[in-house]
Amino acid sequence: MKIVIRITAIFFSLFLTSILISFSLAVESSESTFGIGIFSLMLSLASQAGLMVSTTKFGENNRAFTTVLMAPMTLFVLVSSYDAVTRLLAGNPPLLKAIVFFWLALAVYIYAFYLLFRSRAIT
């Protein structure tokens with residue numbers, strides 16, 4: 001299961017990077033450079049640090065530190081998942097891949113928290 005959590009963190013980083021690059025192109029298309037793409041990728045990877053750390057012995061031994069790293073992105077995924085469902089029910093659905101991706105990411109975060117607080121290593 002450790003590999004699934006790490007792959008989810010990497011794909012979520014790439015998803016966030018694509019959103020940041022799209023936003024940059026929409027706002028300042030003439031200022032968009034390769035550097036903005038690299039900055040977006042680094043920012044996205046940093047946001048997934050908690051999920052990456054939770055799969056290690058360090059994360060298991062330092063639960064409070066890992067929880068602090070995971071909490072902001074978990075809240076973001078939770079709010080985004082809720083927003084996707086409310087928009088779907090209101091008749092203004094977002095992209096289906098966004099709905100599926102946010103709900104899968106939420107499931108992985110919940111599972112990582114479950115394993116983290118069950119005092120078991122994520123294997």
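Colleague: What should the 26 residues of α1 span, and how far apart are its end C-alpha atoms?

Modeller: At 1.5 Å a residue, α1 should span 38 Å, and its end C-alpha atoms are 38 Å apart, which agrees. The expected span of a helix is 1.5 Å times one less than its number of residues. This is a predicted model in which local features need pLDDT of at least 70 and side-chain atom pairs count only at pLDDT 80 or more, while totals for chains, interfaces and linings use all residues. Residues are numbered from 1 along each chain as its sequence is written, and side-chain values use heavy atoms, with hydrogens and water left out.

Colleague: How many helices and strands are there in the chain?

Modeller: The chain has six helices and zero strands; these elements are DSSP runs numbered from the N terminus (helices H or I, at least four residues; strands E, at least two).

Colleague: What is the mean pLDDT of the chain?

Modeller: The mean is 80, and 93% of the residues reach 70 or more, where pLDDT is the predictor's confidence in each residue, from 0 to 100.

Colleague: What makes Phe12 and Phe101 an aromatic pair, and of which kind?

Modeller: A search of the whole structure finds seven aromatic pairs. In this one, the ring centres are 5.3 Å apart and the planes are at 10°, so the pair is stacked. Rings of Phe, Tyr and Trp (its six-membered ring) pair if their centres lie within 6.5 Å; planes under 30 degrees apart count as stacked, over 60 as edge-to-face and the rest as tilted. Phe12 lies in helix α1 (residues 2-27) and Phe101 in helix α6 (residues 96-117), so the pair ties together parts that are 89 residues apart in sequence.

Colleague: Is Phe12 buried or exposed, and what does Phe101 count as?

Modeller: Phe12 has 0% relative accessibility and therefore counts as buried, whereas Phe101, at 21%, counts as partly exposed. Buried means under 20% relative accessible area, exposed over 50%, and partly exposed in between (1.4 Å probe, protein chains only).

Colleague: Why is the pair of Phe15 and Phe101 called tilted?

Modeller: The centres of these rings are 4.9 Å apart and the planes stand at 40°, so the pair is tilted. Phe15 in helix α1 and Phe101 in helix α6 are 86 residues apart, and the pair thus links distant parts of the chain. Phe12, Phe15, Phe76, Phe101 and Phe102 form one aromatic cluster.

Colleague: Which residues of α1 are buried, and what covers them?

Modeller: The buried residues of α1 are Ile5, Thr8, Ala9, Phe12, Ser13, Leu16, Thr17 and Ser24. Their cover includes α2 (34-47), α3 (49-53), α5 (63-89) and α6; contact means heavy atoms within 4.5 Å.

Colleague: How do you know that the end C-alpha atoms of α5 are at a distance that agrees with its 27 residues?

Modeller: At 1.5 Å a residue, α5 should span 39 Å, and its end C-alpha atoms are 37 Å apart, which agrees. Within α5 there is a kink of about 35° at Ala71, shortly before the proline Pro72. The bend at a residue is the angle between axes fitted to the seven residues ending there and the seven starting there. Just after α5, Gly91 takes a positive phi of about 90°.

Colleague: What does Tyr111 count as?

Modeller: Tyr111, which lies in helix α6, counts as partly exposed because its relative accessibility is 30%.
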